[in-house]
Amino acid sequence: MRAPTDTQYIRQLVSEGEHCHQDFKFEISDARKIARSLSAFANTEGGRLLVGVKDNGKIAGIRSEEEIYMIEAAATMYCRPQVELETRTYVVEGKTVLEIRISEMESKPVYALDEANKPWAYIRIKDENILATPVHLKVWQHSKKEEGVLVEFTEREQRLLDVLKEKEEISLNQCCRLCNLNRKTVSELLADFIRFDLVEPVFSGHKFYFKIK
């Protein structure tokens, strides 16, 4: 069986469109913005960037070698910790397309630094990079602990579960208000419930909600 040509390979990927494991980039002009994509893929299930491809799937080709350096800068200078990349170029109808593969990181979160060097963690949902919530951060933090997690089931845990049972879907802020608990406490509790498979996060209308599984 013959290996696909560069054109066949890239055309096949482009035909899939943008999704949770693939993003198109017409050009790379801001390394910090690319760091958000790297963070999202590394924090979720990995994925690829196709650089030199427009949002509508049209092959435009990369404009200069500078774009490759900017991606490397995004991975090494604007991601914490640094993200490992696999880079390969393909020639499609005389135009160069750059494929960047990002693997899921074992240790999360991976942060992207903004213009003020403040770290933000992102996750990939469908074809978007979404800012991770405090609950996601707590889940990752708890997952790093090698020993088992012991959770006391007290009145506050019961209060939160009761609120979750009453509502089909509820936001973090609503949980805090209805349970009369602060964000840090509710984030910790929701993270434990998610790890124990009692609760699941739901992304709807560009917001995260939580519901009983």
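Pro 119 counts as partly exposed, because its relative accessibility is 41% (buried means under 20% relative accessible area, exposed over 50%, partly exposed in between, with a 1.4 Å probe and protein chains only). The model is predicted, so local features need pLDDT of at least 70 and side-chain atom pairs count only at pLDDT 80 or more, while totals for chains, interfaces and linings use all residues. Residues are numbered from 1 along each chain as its sequence is written, and side-chain values use heavy atoms, with hydrogens and water left out.

Pro 119 belongs to strand S7, residues 119-125 (strands, E, at least two residues, and helices, H or I, at least four, are DSSP runs numbered from the N terminus). Not counting residues up to four places away in sequence, Pro 119 touches Tyr 111, Ala 112 and Leu 113, where contact means heavy atoms within 4.5 Å. Between Pro 119 and Arg 80 there are 7.8 Å in space, C-alpha to C-alpha, and 39 residues in sequence.

An open sheet elsewhere has four strands in the order S1-S2-S5-S4, with mixed pairing (two strands pair if DSSP finds at least two bridges between them). S1 and S4 are the edge strands, each pairing on one side only. On average, neighbouring strands of this sheet are turned by 20° against each other, direction ignored. S2 and S5 run antiparallel and are joined by five bridges; Leu 49 stands opposite Ile 100 in S5.

In H1, residues 6-15, Ile 10, Leu 13 and Val 14 are buried. They are on the same side of H1 because they cover an arc of only 100° around the axis, taken from the directions from the helix axis to the C-beta atoms. The buried residues of H1 pack against S1, S2, S4 and S5. Just after H1, Gly 17 takes a positive phi of about 75°.

The largest nonpolar core has 27 residues, and those with the most contacts inside it include Leu 49 and Ile 100 (such a core is a set of buried Ala, Val, Leu, Ile, Met, Phe, Trp, Tyr and Cys residues joined through side-chain atoms within 4.5 Å). H2, S2, H3 and S5 each supply at least two residues of this core; the largest share, seven residues, comes from H2.

Definitions and conventions:
Axes fitted to C-alpha atoms, helices over the stretch in contact; angles between N-to-C directions.
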